[in-house]
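Trainee: I am new to this structure and would like to learn how to read its features one at a time. Could you take me through them slowly?

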Amino acid sequence: EEAELSLGVGHVTTSVLPGYNDNSVIAGHRGTTFRKLDKLIIGDFIIITTNQGSFTYEVNEIRIVEADDETVIVSTPQALLTLVTCYPFDWIGAAPKRYIVTAKLTQSIFNGE
């Protein structure tokens, strides 16, 4: 929801939480939290820390899709992280596309382990 995104990133609740098998989708605004998302490259690592633990992902795909493309929130057989923001980054108003970064889980450290 917009209220969450005004504070930072938001987890798409129809997706799994980070660290679990399937596709964890996180959205953020291109002008704030994800303003440098386009600086990531294939092979970079992303570390997500939650109340449940710390999870390391390796970027394996970057793409630009139409704003109404719902293939970014589909279920996957492996643990993925999908980051979503509006595109182009310098667009004024509602952007017509989405910038998508996909990363595969490489390490999970659950609290208590």
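Predicted model: local features only at pLDDT ≥ 70, side-chain atom pairs only at ≥ 80, totals over all residues.

Trainee: How much space lies in the largest pocket, and which residues are closest to its centre?

Mentor: The space in the largest pocket comes to about 520 Å³. Of the 22 residues that line the largest pocket, Leu 5, Val 12, Ala 27, Val 84 and Arg 98 are the closest to its centre.

Trainee: Which helices and strands each supply at least two residues of that lining?

Mentor: Helix H1 (2–7) does so, as do strand E1 (10–11), strand E2, strand E5 (79–87) and strand E6 (97–110). Among these, E5 gives the most to the lining of the largest pocket, with 3 residues.

Trainee: Let us turn to a single residue. Where does Leu 37 lie, and is Leu 37 buried or exposed?

Mentor: Leu 37 lies in the loop that runs between strand E2 (22–27) and strand E3 (45–50). Buried means under 20% relative accessible area, and Leu 37 counts as buried because its relative accessibility is 6%.

Trainee: Which residues is Leu 37 in contact with, leaving aside its neighbours within four places in sequence?

Mentor: With those neighbours left aside, Leu 37 is in contact with Leu 83, Thr 85, Phe 89, Tyr 99 and Val 101. For Leu 37 and Val 101, the separation in sequence is 64 residues, while their C-alpha atoms are 8.0 Å apart in space.

Trainee: How many salt bridges does a search of the whole structure find, and which residue forms one with Glu 66?

Mentor: The search of the whole structure finds 3 salt bridges. Glu 66 forms a salt bridge with Lys 97, and their closest N and O atoms are 2.5 Å apart. This pair links distant parts of the chain, since Glu 66 is in strand E4 (residues 53–66) and Lys 97 is in strand E6, 31 residues apart. Glu 66 is partly exposed, with a relative accessible area of 42%, and Lys 97 is also partly exposed, at 29%.

Trainee: What can be said of the salt bridge that Lys 39 forms?

Mentor: Lys 39 forms a salt bridge with Asp 38, where the closest N and O atoms are 4.0 Å apart. Lys 39 counts as exposed, at 60% relative accessibility, whereas Asp 38 is partly exposed, with a relative accessible area of 31%.

Notes
Residues numbered from 1 in each chain as written. Heavy atoms only, no water. Helix = DSSP H or I, 4+ residues; strand = E, 2+ residues; numbered from the N terminus. Buried < 20%, exposed > 50% of the residue type's maximum accessible area, 1.4 Å probe, protein only. Contact = heavy atoms within 4.5 Å. 1 Å grid on protein atoms, 1.4 Å probe; cavity = no way out; pocket = protein on both sides within 12 Å on 5 of 7 lines; lining within 4 Å. Points joined across faces, edges and corners; volume = space filled by probe spheres on them. Salt bridge = Lys/Arg side-chain N within 4 Å of Asp/Glu carboxyl O.
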